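Please open the model in the viewer and keep the selection panel at hand. The stops below are to be taken in order.

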Amino acid sequence: MDAIYILSSVGAVTCLIFLVKVVRHLHCYLRPSSLHQCNPLGKESWALVTGASDGIGLGFAQELCDRGFNVFLHGRNHQKLLRVQEQLKAQWPTSKTKVIVFDAGKPTEEMSEIVREVGNANLTVLVNNVGGAIGVIATEYIKLQDMTHQQVQDLVSVNALFPAQLTRELLPILQKNAPSVILNMSSAAAHGLPWLSVYGATKGFVGTFSTALNAEMRAGGHQVEVIGVIVGSVKSPGNAHVDEGFFIPSSRTMARSALERVGCGRSQLWTYWRHRLQGFVFEWLPERLLQLVFIKRVRILIARRDEKQKPA
Ligand SMILES: NC(=O)c1ccc[n+]([C@@H]2O[C@H](COP(=O)([O-])OP(=O)(O)OC[C@H]3O[C@@H](n4cnc5c(N)ncnc54)[C@H](OP(=O)(O)O)[C@@H]3O)[C@@H](O)[C@H]2O)c1
């Protein structure tokens, strides 16, 4: 009798914990975003998006203009950024944009130049989006021993060092203008995909960096929300060999999902709910089985890439 009582009590508590988790998750995806608090009426608020000339970064720039923000567009190709600026101006004439050119592969002390470009603007949103593999080292899936010294350096510089240094430079401004928000683009690759070891590790860095900085802001009483956005597969120039589908959103949809989660109180989150479903599988599958799934999936992607690259 006692054993039955203990077992049913354990079962009831487990069910309750599970239910609380489910409700908290649902709340996170269903509650309205708090982003508007970073753009109060009567104030001209600015966002800075890194890697804004294409892909998810461009999606962020469009979504932020749509929400009445002015946007600093960061990238490395001045002409391309000017074209994006023109497109945004045509679609959102009331939103201002400014172009910032800086190679994220060289996060030197000259980065303080970006702070000077921001000047006295009421910057309340920082999107550390720049990154990826193919746009940085011209290949995505590659064995570690096949990488050059420079490729490793470049991946770490663009995906990890640049966002950390830029955030360090801009944090005093974001604290002064609070409430403000920092969105850092992490990746499902942080779970350990084969042939993406260095890239995946930089995304693990981004995730931990976000969680630690989130705690640091809370400890200091700063209203600066820091979210590590865990991204699954998204259609973009950096992930061109996939087609949009149920689990693969467009770049703009991905960006929108991240902005919609602002205020949900998580320091790391799969902001796109369909990616979240995939995330559950990552968390629940035994590691050895998950590895097999990853190996099979990446082999399929490599084969698909090779097929598309074959001369016609
Ligand atoms: N797409 C996905 O499936 C996926 C999945 C997980 C995580 N993510 C993450 O999401 C973020 C955006 O990915 P994406 O797929 O949208 O990338 P993307 O299509 O390759 O676009 C990257 C953007 O960053 C810019 N950029 C690249 N290297 C730069 C450098 N050295 N200096 C300045 N700008 C540079 C590019 O400029 P140009 O226009 O000049 O090339 C472009 O605007 C990345 O952090 C990526 O790791 C993406």
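Select W270: with 3% relative accessibility, W270 is buried (under 20% relative accessible area; exposed is over 50%, partly exposed in between, with a 1.4 Å probe and protein chains only). This is a predicted model, in which local features need pLDDT of at least 70, side-chain atom pairs count only at pLDDT 80 or more, and totals for chains, interfaces and linings use all residues. Residues are numbered from 1 along each chain as its sequence is written, and side-chain values use heavy atoms, leaving out hydrogens and water.

The structure holds eight aromatic pairs (ring centres of Phe, Tyr or Trp, the last by its six-membered ring, within 6.5 Å; planes under 30 degrees apart are stacked, over 60 edge-to-face, the rest tilted). One of them joins W270 and F282 edge-to-face, at 5.7 Å centre to centre and 75 degrees between the planes. W270 lies in the loop between β7 (268–269) and α9 (273–284), whereas F282 belongs to helix α9, twelve residues apart. Helices are DSSP runs of H or I, at least four residues, and strands runs of E, at least two, numbered from the N terminus.

Next, select F246, F247 and W273, which form one aromatic cluster.

Finally, display helices α6 (residues 149–176) and α7 (residues 197–219), whose axes come within 9 Å and cross at roughly 15 degrees (lines fitted to C-alpha atoms over the stretch in contact; angles run from 0 to 180 degrees between N-to-C directions). Residues in contact (heavy atoms within 4.5 Å) include V152 and L155 of α6 and F205 and F209 of α7.
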